[in-house]
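Thanks for coming, everyone. Let me put the structure up, and then we'll walk through a few places in it.

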Amino acid sequence: MTFRTRRSTLVVATTSAALVAAGLVATPAGATTDPDPSSFASGVTTKEVLRHLEALQDIADEHGGTRASGTPGYDASGDYVQGLLEDAGYDVERQPFDFVHTETIAATFLVGAAPVEVIVMEYSPSTAEGGVTAPLRALPADDPTPGCEPTDFDGSVAGTIVVVSRGVCAFGDKQAHATAAGAVGVLVSNNEPGPLVGTLGGPVEGAPAGGISQEDGVALRAQLAADPALPGTLDLRQLRENRTTFNLIAQTPHGDPDNVVMLGAHLDSVVEGPGINDNGTGSAGVLQTALELAWLGQPTQNAVRFAWWGAEESGLLGSLEYVASLDEAQLAQITGYLNFDMIGSPNYVIGVYDADQSTYQAPVAVPPGSESLEQVFTDYFDGTGQPWVDTEFSGRSDYQGFIEAGIPASGLFTGADDVKTEEEVALFGGTAGIPHDPNYHAAADDLANVDLKALKINSRAIAFATLSLATDPSPLDLTDNG
Ligand SMILES: [Zn+2]
């Protein structure tokens with residue numbers, strides 16, 4: 001499988017010349033060459049991308065430290081991106097949609113009188129103010145499908161706060177079974193070290209649900225073995241509110257509208273922080289490429305569409321809404337989708353989504369053609385002597401709706417809550433044994449939480465891939481499976 005950079009350039013020469021001859025575009029003053037992806041990429045500077053991150057940090061600072069969808073910080077982020085795009089000549093579409101905004105009000109758990117850290121699950125029902133005090137019960141720790149069958153919760157669970165291990169089935173299934181058995185609260189203990197952040201998948205009723213760490217789960221089971229009558233007090237309260245947010249969509253005015261190269265990044269942060277690495281970085285990288293493409297002032301073979309998604313952090317809602325809004329013909333117009341969700345992680349890897357599944361078996365079918373998109377990035381990195389690694393199509397970002405709709409996808413990722421390995425340190429430097437982003441989804445995901453070298457490498461890779469794909473008459477090789 002070969003990506004035909006040289007042939008693309010020749011085709012653009014013909015296209016541009018034809019358009020100039022037809023009087024459709026003016027001859028750019030002093031322009032003697034056609035757009036070259038490598039020089040286009042080198043034109044993207046850290047300073048320009050950083051300017052967008054500084055603006056998003058200012059916005060978060062002015063709006064309570066968050067840019068979460070459904071909050072004024074998100075709306076201001078949208079205004080910033082839209083303003084720059086419109087100044088550069090784009091028509092920008094705001095696609096509004098409704099969603100359930102959640103915010104933690106209280107999360108405390110007492111075992112007897114001793115506090116244990118608990119994190120309320122997204123979409124959890126709330127306890128009364130002050131919480132509920134009830135006997136504690138723990139389901140057997142050795143059940144291979146813990147809390148996944150209704151019968152796991154017998155009559156002894158009624159009226160208790162029940163503890164169940166993570167694993168095999170969705171948190172929402174465990175919560176539903178616990179609720180049906182009459183539990184007044186359900187706590188899921190992690191099955192790996194560290195705290196447990198979970199979602200019930202959507203607003204539900206019944207028992208309030210939270211996550212506790214594996215260590216606390218083990219300790220709690222030991223305490224219950226010694227004292228089966230031990231009571232617990234659980235105070236889990238969450239604001240759940242219907243709100244409206246939006247995606248931003250912009251497309252180049254030129255290029256074949258039936259062969260659209262699409263780029264996307266989620267613009268929202270979590271409620272807990274300003275979201276500068278996650279995902280100010282991806283948003284800024286895509287924005288700078290959009291601006292550079294407009295300033296280039298030359299038509300490309302294919303149209304390029306840019307998206308900034310809302311409510312990714314609430315379950316990929318904006319991108320799923322967008323894909324669902326397209327009919328078959330509109331879906332078929334999208335040649336490929338490139339996703340950028342965290343491209344400046346402080347303890348970074350340079351990750352390319354593993355479309356050919358050479359390292360990771362994807363949990364979903366990856367559409368044919370995705371390998372070609374992956375190779376645009378890997379060829380670029382190989383050509384510039386930049387090491388890279390595969391990163392998994394894990395279903396944790398906005399490519400999901402696109403690949404489910406059969407649209408080829410790829411993208412870049414510098415890592416979130418996974419721990420950096422010695423092998424990765426050998427390739428990229430940094431620190432083994434701590435996460436790629438130690439401030440993932442935290443208040444400290446601020447301007448200081450961005451590695452400028454990773455930001456530059458990836459911003460340039462976005463620009464390179466965009467122009468390469470935009471100028472290639474047949475960017476996907478569907479006959480070769482890599
Ligand atoms: Zn993200």
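Before going on, a word on the source. This is a predicted model: local features need pLDDT of at least 70, side-chain atom pairs count only at pLDDT 80 or more, and totals for chains, interfaces and linings use all residues. Residues are numbered from 1 along each chain as its sequence is written.

How confident is the predictor? A contact means C-beta atoms, placed from the backbone, within 7 Å.

Back to Val111. Val111 sits in strand β1, residues 92–111. Helices (H or I, at least four residues) and strands (E, at least two) are DSSP runs, numbered from the N terminus. Setting aside neighbours within four places in sequence, Val111 touches Val116, Leu220, Gln223, Leu230 and Gly232. Thr300 is 189 residues from Val111 in sequence, and 64 Å away in space, C-alpha to C-alpha.

Now the helices. Take α3, residues 46–62, and α7, residues 276–296: they pack at about 135°, axes 9 Å apart. Axes are lines fitted to C-alpha atoms, for helices over the stretch in contact, and angles run from 0 to 180 degrees between N-to-C directions. So α3 and α7 are oblique to each other. Under 35 degrees counts as roughly parallel, over 145 as roughly antiparallel, 65 to 115 as roughly perpendicular, and the rest as oblique.

Who meets whom? From α3, the residues include His52 and Leu56; from α7, they include Ala284 and Leu287. By class, this contact of α3 with α7 has six nonpolar, six polar and one charged residues. Nonpolar means Ala, Val, Leu, Ile, Met, Phe, Trp, Tyr, Cys and Pro; charged means Asp, Glu, Lys and Arg; the others, Gly among them, are polar.

Next, α3 with α4, residues 72–87. Their angle is about 150°, with axes 9 Å apart. That makes α3 roughly antiparallel to α4. Here Ala55, Leu56, Ile59 and Ala60 in α3 meet Gly73, Ala76, Ser77 and Tyr80 in α4. The classes are six nonpolar, two polar and no charged residues.

Note on methods: Contact = placed C-beta atoms within 7 Å.
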